Amino acid sequence: MFTGIVEELGEVTAVENLGDASRFRLRGPLVTEDAKHGDSIAVNGVCLTVVECGDGEFTADVMAETLKRSSLGALTTGSRVNLERPMALGGRLGGHLVQGHVDGTGTITGREPSEHWEIVKVSLPPDLARYVVEKGSITVDGVSLTVVEAGDDYFTISLIPTTLDLTTLGIKQAGDPVNLEVDVLAKYVERLLGADRKESVR
């Protein structure tokens, strides 16, 4: 479980194509300082398992399902990535509950800078729109954010200077893909309400 509070701006140092999978080597001295084989680290919001770790870098295998559902397949050597270790039990929940299970991808369609923040517009897949509400939470490339405006096929977020400086959202441009994870609580509520409706029909 993660919080969507990015700890480190890391870098892809190697990508090995394995046919229906890929192996990534990533640099992140902070997130690897206490990491070991089998641990989880979120990369642009995708929960990956550490295969090897040492010298400030770690290796992770990415299966076909993850490549299909996320934007990790577009990463190349030198790509910058958002990194976060799992939440420590008993620690502060700075963002919201994030599983690292990407629901789909969107595309940055516009950026509107102002003096102290920047409004970013992101396309929203139709099957995810029902989970996104104004003032609700959404994870974009692993960053916990508050939705400013929720449309049928888009949403907007407001980025403060810290987020622009310390995450990849400060360097992504219009046309770039981003990983999206909606609030898991909304999905549970939908499932439970659906079950109630089925019971009432019987």
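Reader: Which residue does the side chain of lysine 187 meet in a salt bridge, and at what N to O distance?
Author: Heads-up, this is a predicted model, where local features need pLDDT of at least 70 and side-chain atom pairs pLDDT 80 or more, while totals for chains, interfaces and linings use all residues. Residues are numbered from 1 along each chain as its sequence is written, and side-chain values use heavy atoms, leaving out hydrogens and water. A salt bridge here needs a side-chain nitrogen of Lys or Arg within 4 Å of a carboxyl oxygen of Asp or Glu. By that rule, lysine 187 pairs with aspartate 103, N to O, at 2.7 Å.

Reader: How many residues apart in sequence are the parts that this pair ties together?
Author: Aspartate 103 sits in the loop between E6 and E7, and lysine 187 in helix H3 (residues 184-201), so the pair joins parts separated in sequence. Helices (H or I, at least four residues) and strands (E, at least two) are DSSP runs, numbered from the N terminus. The separation is 84 residues.

Reader: Is aspartate 103 buried or exposed?
Author: Buried means under 20% relative accessible area, exposed over 50%, and partly exposed in between (1.4 Å probe, protein chains only). Lysine 187 has 24%, so lysine 187 is partly exposed. Aspartate 103, at 18%, counts as buried.

Reader: Which residue forms a salt bridge with arginine 85?
Author: The N to O distance for this one is 2.7 Å, and the partner is glutamate 7. Arginine 85 lies in the loop between strand E6 (80-84) and strand E7 (104-113), and the partner lies in the segment before strand E1 (8-17), so parts 78 residues apart in sequence are tied together. Glu33 and Asp34 join the two in a network of salt bridges, and the partner asked for is glutamate 7.

Reader: Which two residues touch the most other members of the largest nonpolar core?
Author: A nonpolar core is a set of buried Ala, Val, Leu, Ile, Met, Phe, Trp, Tyr and Cys residues joined through side-chain atoms within 4.5 Å. The largest one has 22 residues, and the two are Val140 and Phe155.

Reader: Which strands give two or more residues to this core?
Author: Five stretches do, starting with E8 (118-123) and E9 (137-140). The others are E10 (143-150), E11 (154-159) and E12 (177-182).
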